Amino acid sequence: MKVSAAVVVVALCAAAALLAAAEGGGVGEELKVGHYKRSCPGVENVVKYHVAKAIKANRRQGAALVRLIFHDCFVRGCDGSVLLDPTPANPHTEKTAPINIGLAAFEVIDEIKAAVEARCPGTVSCSDILVYAARDAASILSNGHVHFDPPAGRLDGVHSHAAEAQRDLPDSTFTVQELIRSFRRKNFTVEELVILSGAHAIGVGHCSSLRARLTAPASQIVPAYRHLLSGKCAAGPDPVVPNNVRDEDPAAVAAAFPSFVKKLRKTKDFLDNSYYHNNLARIVTFNSDWQLLTEKEALGHVKEYAENGTLWDEDFGDALLKLSKLRMPKGSHGQIRKHCRLVNY
């Protein structure tokens with residue numbers, strides 16, 4: 001039987017498409033907004049309910065969820081690999097990496113997953129839940145000013161390695177050039193580096209991540225703020241301090257930095273552009289924050305977002321959306337985990 005050239009071409013194109021899908025992370029179909037509209041209607045409302053409940057109990061849980069999307073997606077793409085617990089077969093998962101110190105809100109993800117599984121068994125991936133949860137946390141913590149509509153349809157990864165997290169995630173000790181290279185490897189610009197750094201308006205950091213700030217010169221950090229950090233970090237082996245000085249304990253600020261007391265905010269962990277004001281005033285927590293002032297383009301964007309909080313709200317949402325689209329490495333295979341902390345066997 002003779003086969004026309006057109007049929008051959010169609011067959012080859014179909015085979016190529018299948019191969020490309022297989023190499024695209026085992027995802028199969030492309031991500032799309034409203035992916036679960038038919039397979040699990042209302043799932044996004046379920047996620048939002050549990051995120052709102054967690055934040056009402058403790059706003060710091062929201063900050064932890066925003067941090068989780070970055071620490072997950074920046075390593076192996078958005079595959080939920082940061083959620084995996086260590087096991088005897090793999091004792092060094094991503095969450096055990098030193099750079100992931102202080103990651104939290106895993107219990108919130110567990111609670112959401114249990115609720116979703118009860119509603120739609122084996123349908124919604126942990127990686128999609130994490131992205132939805134981060135979206136809702138950013139929205140709630142910003143009073144609705146930060147918003148984005150992430151596409152869904154991700155599969156959960158089956159690999160998680162502390163060494164990869166340590167290699168791929170930017171460290172708080174980085175210079176600005178190291179930060180730029182780190183973000184460039186993930187196809188993020190200098191502007192997007194500055195935008196995403198604005199997440200340090202919320203959450204906490206461990207003193208082990210900011211030791212360099214305790215001896216930095218006055219040209220890099222306000223001495224009164226350095227004194228405040230030194231006092232708090234001397235209180236234990238590795239205590240945490242708020243990323244945003246505006247969320248500090250009033251008594252500690254009154255003792256070490258009295259001129260700043262009037263700038264403390266009543267609602268802590270409020271996601272806004274205060275990070276940029278703090279940076280220009282030399283009262284930021286990490287060396288990597290201050291480093292943004294040492295490069296011309298980055299400094300320009302710090303000033304831009306200090307002057308225009310509405311613009312930052314919009315651009316932060318866009319940057320989170322771009323982050324949420326990072327895919328698993330080519331050739332990866334995924335699954336929909338039954339429990340977010342463990343791969344299916």
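## Disulfides

A disulfide is a pair of cysteine sulfur atoms within 2.5 Å. A search of the whole structure finds four. This is a predicted model: local features need pLDDT of at least 70, side-chain atom pairs count only at pLDDT 80 or more, and totals for chains, interfaces and linings use all residues. Residues are numbered from 1 along each chain as its sequence is written, and side-chain values use heavy atoms, with hydrogens and water left out.

Number the bonded cysteines in sequence order and the pairing reads 1-4, 2-3, 5-8, 6-7.

## C40 to C120

C40 is joined to C120, S to S 2.0 Å. This pair links distant parts of the chain, 80 residues apart. C40 sits in the loop between helix 1 (5-23) and helix 2 (43-57). C120 sits in the loop between helix 4 (106-119) and helix 5 (126-141). Helices (H or I, at least four residues) and strands (E, at least two) are DSSP runs, numbered from the N terminus.

The link is right-handed, with 85 degrees about the S-S bond. C40 and C120 are both buried. Buried means under 20% relative accessible area, exposed over 50%, and partly exposed in between (1.4 Å probe, protein chains only).

## Two further disulfides

C73 is bonded to C78, S to S 2.0 Å. The torsion about their S-S bond is about 115 degrees, so this disulfide is right-handed. C73 is buried at a relative accessible area of 1%. C78 is buried at 4%.

C207 pairs with C233, S to S 2.0 Å. Here the torsion is about -85 degrees, so the disulfide is left-handed. C207 lies in the loop between strand 2 (204-206) and helix 9 (223-233), and C233 in helix 9, so the bond ties together parts 26 residues apart in sequence. C207 counts as buried at 0% relative accessibility, and C233 at 5%.

## Salt bridges

The structure holds 20 salt bridges. Each is a side-chain nitrogen of Lys or Arg within 4 Å of a carboxyl oxygen of Asp or Glu. One of them joins R60 and D269, with the closest N and O atoms 3.3 Å apart. R60 is in helix 3 (residues 59-76), and D269 is in the loop between helix 10 (250-256) and helix 11 (274-280), 209 residues apart. R60 is partly exposed at 29%, whereas D269 is buried at 2%.

R76 and E164 also form a salt bridge (3.0 Å, N to O). Both R76 and E164 are buried.
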